[in-house]
Amino acid sequence: MNTQQKVQIVETLTTLLQQYDVVYLADIGGFNAEKTSDFRRECFKNGIKVEVVKNTLLIKAMETSGKDFSELMTVAKGETAILLSETANAPARLIKEFRKKRNLEKPLLKGAYAQECTYLGNNQLDALVNIKSKNELVGDIIGLLQSPVKNVLSALQSGGNTIAGLVKTLSERA
């Protein structure tokens with residue numbers, strides 16, 4: 001690979017890192033062609049962009065991206081696949097399900113940058129799975145806001161029926 005090709009790859013990676021707010025680094029070393037294809041297919045189905053990159057080029061792209069990937073750069077060693085997503089927990093769920101379905105130990109999570117926080121190590125996978133996406137948080141907030149309104153409306157409706165019934169009964173007695 002010549003210098004011009006390396007520069008082009010760094011520019012492409014930099015653009016990707018700037019576009020996506022969620023970046024995962026995973027170790028898929030030891031995968032044969034079939035497992036690699038399966039993993040890529042699952043990523044595509046879940047809207048996750050996956051690239052296998054040279055660590056030195058990835059680090060250069062991280063340095064020029066304008067985001068603070070300093071902690072994530074420390075785990076860019078060995079075979080590295082970069083997973084890019086719009087949803088913070090999607091790559092974590094994919095990794096966990098992929099391993100479970102195929103009874104594998106890999107892919108291993110090296111690190112992740114999600115919601116401007118850095119998570120290092122495979123032991124952070126469960127924490128990342130439990131991160132709620134923006135849409136999930138909005139749904140939770142709407143549900144919480146609707147709950148008191150529903151309770152008030154329900155109380156008013158049931159109270160209205162009781163008062164109407166009471167007035168009707170009193171008018172019949174009189």
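Trainee: Which residue is the bridge partner of alanine 112 in E5?
Mentor: Tyrosine 119 is the bridge partner of alanine 112 in E5. Helices (H or I, at least four residues) and strands (E, at least two) are DSSP runs, numbered from the N terminus. Two strands pair if DSSP finds at least two bridges between them.

Trainee: Before we continue, what kind of model is this?
Mentor: This is a predicted model, in which local features need pLDDT of at least 70 and side-chain atom pairs count only at pLDDT 80 or more, while totals for chains, interfaces and linings use all residues. Residues are numbered from 1 along each chain as its sequence is written, and side-chain values use heavy atoms, with hydrogens and water left out.

Trainee: And what does the chain average in pLDDT?
Mentor: The average is 87, and 87% of the residues score at least 70. The pLDDT is the predictor's confidence in each residue, from 0 to 100.

Trainee: Where is confidence lowest, and where is it highest?
Mentor: Confidence is lowest in helix H7 (residues 134-173), with a mean of 69. It is highest in strand E1 (residues 22-27), at 96.

Trainee: Back to the strands. How many bridges join E4 to E5?
Mentor: Four bridges join strand E4 (residues 108-114) to strand E5 (residues 117-120), and the two run antiparallel. Alanine 114 has cysteine 117 as its bridge partner in E5. The two strands form a hairpin with two residues between them.

Trainee: What is the phi of glutamine 115 in that turn?
Mentor: Glutamine 115 has a positive phi of about 50°, although this residue is not a glycine. Glutamine 115 is partly exposed, its relative accessible area being 45%. Here buried means under 20% relative accessible area, exposed over 50%, and partly exposed in between (1.4 Å probe, protein chains only).

Trainee: In which sense does E4 pair with E1?
Mentor: E1 and E4 pair in the antiparallel sense, over five bridges. Within that pairing, valine 23 stands opposite tyrosine 113 in E4.

Trainee: Why is E4 described as largely enclosed by the rest of the structure?
Mentor: Six of the seven residues of E4 are buried, so the strand is largely enclosed by the rest of the structure.

Trainee: Changing topic, which residues line the largest cavity?
Mentor: The lining consists of Glu42, Leu94, Glu97, Phe98, Lys101 and Arg102. H5 gives the largest share of this lining, with five residues. On a 1 Å grid over the protein atoms alone, a cavity is a set of points where a 1.4 Å probe fits but cannot get out, and a pocket is an open set with protein on both sides within 12 Å along at least five of seven lines; lining residues have an atom within 4 Å of a point.

Trainee: How much space lies in the largest cavity, and how much in the largest pocket?
Mentor: About 30 Å³ lies in the largest cavity, and about 240 Å³ in the largest pocket. Grid points are joined across faces, edges and corners, and a volume is the space filled by probe spheres set on the points.

Trainee: Which residues line the pocket?
Mentor: Among them are Asp21, Val22, Tyr113, Gln115 and Lys134.
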